[in-house]
Amino acid sequence: MTTNADSIRNGVPFFTARRVNRSLTASAEKRALEWMAARAPRWVTSDQLTMLGLCAQIGAGVFYALSRHHRYALLLVCLCLALNWLGDSLDGTLARVRRQQRPRYGFYVDHMVDIFGATALMCGLGFSGFLHWQTAIAMLVAFLLLSGESYLATYTLQCFELSQGLFGPTEIRILLIIGNLALLRSPYSTLFGYRMLLFDLGGIIAAIGMFAMAILVTMRHTAKLYRQEPLGCQEPLGRQEPLP
């Protein structure tokens, strides 16, 4: 846990949380991002990349909605997901490589962008017809629960987990791209002899997984905080002087 001197305002220090990423692609992704950041043109800024990531995710939602009438719009969704990865993943790395970090600003803006972007993406999926609205809403609610837990854990434990288990944002994008390509062949899947929409099946699994992960992680972090702050160990408050 370190204090960023540039982020001290009004005498109150800001502590940068430790970042943890255990996803399948984390190691290779980190090397690729650092390579790109070191070679990025000087006119490219972190804010531009953040905006690229947001616009690309909103674009993915728009093209999902259009794919209801033109299935090959799914290819444009794949392109938008790739651009979203570039903007969303490279902005922070670029700031670190150039030593231009703004921890509070970056944390706040990046995660509000994630929330708005995820909402746009799920709305687009709901309009696409490739899954039912109930599934899209369940995935969005589960994502927001998991995100909220992550942000609270970052504040209370000074540890920001970019992934849950072996899955992080990059793995989710890869799964969506694979699913989009599968939709070009057929929007349906068969499970135990029952025919259903492919993205309904994947979405239900994803929503259940995120809900379960949110519950398990909440229990683990609650237990950890309880051990760190047990009852009976607080220093007694001094005797309060009566008000005049």
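Is Phe 199 buried or exposed? Phe 199 is buried, with a relative accessible area of 10%. This is a predicted model.

**Aromatic pairs**

- The count comes to 4 aromatic pairs.
- Tyr 64 and Phe 199 make one of them: the ring centres are 6.5 Å apart and the planes stand at 65°, so the pair is edge-to-face.
- This pair joins distant parts of the chain, with 135 residues separating the two partners. Tyr 64 sits in helix α2 (residues 46–66) and Phe 199 in helix α7 (residues 198–228).
- Tyr 64 has 0% relative accessibility, so Tyr 64 counts as buried.
- Phe 127 and Trp 133 also pair: their ring centres are 5.0 Å apart and their planes are at 85°, so this pair too is edge-to-face.
- Phe 127 is partly exposed at 49% relative accessibility. Trp 133 is partly exposed as well, with a relative accessible area of 36%.
- Phe 107, Tyr 151 and Phe 160 come together in one aromatic cluster.

**Nonpolar cores**

- In soluble globular proteins, nonpolar side chains tend to be buried together.
- The largest nonpolar core here holds 23 residues. Tyr 64, Leu 125, Met 139 and Phe 199 touch the most other members.
- Six helices, α2, α3 (73–97), α4 (103–128), α5 (133–157), α6 (169–185) and α7, each supply at least two residues of this core.
- Helix α5 gives the largest share, 5 residues.
- Leu 125 is in contact with Tyr 64, Leu 131, Met 139 and Phe 199, leaving aside its neighbours within four places in sequence.
- Another core, of 7 residues, lies apart from the largest one. Leu 33, Ala 37, Ala 40 and Leu 94 are among its members.

**Strand hairpin and a charge over a ring**

- Strand β5 (residues 188–191) pairs with strand β6 (residues 194–197) in the antiparallel sense, over 4 bridges.
- The two strands form a hairpin with 2 residues between them. In the turn, Phe 192 has a positive phi of about 55°.
- Which residue in β6 is the bridge partner of Thr 190? The partner is Arg 195.
- Arg 195 also lies over the face of Tyr 188, at 3.8 Å from the ring centre.

Note on methods
Residues are numbered from 1 along each chain as its sequence is written. This is a predicted model: local features need pLDDT of at least 70, side-chain atom pairs count only at pLDDT 80 or more; totals for chains, interfaces and linings use all residues. Side-chain values use heavy atoms; hydrogens and water are left out. Rings of Phe, Tyr and Trp (its six-membered ring) pair if their centres lie within 6.5 Å; planes under 30 degrees apart count as stacked, over 60 as edge-to-face and the rest as tilted. Buried means under 20% relative accessible area, exposed over 50%, partly exposed in between (1.4 Å probe, protein chains only). A charge sits over a ring if NZ of Lys or CZ of Arg is within 6 Å of the ring centre and within 35 degrees of the ring normal. Two strands pair if DSSP finds at least two bridges between them. A nonpolar core is a set of buried Ala, Val, Leu, Ile, Met, Phe, Trp, Tyr and Cys residues joined through side-chain atoms within 4.5 Å. Contact means heavy atoms within 4.5 Å.
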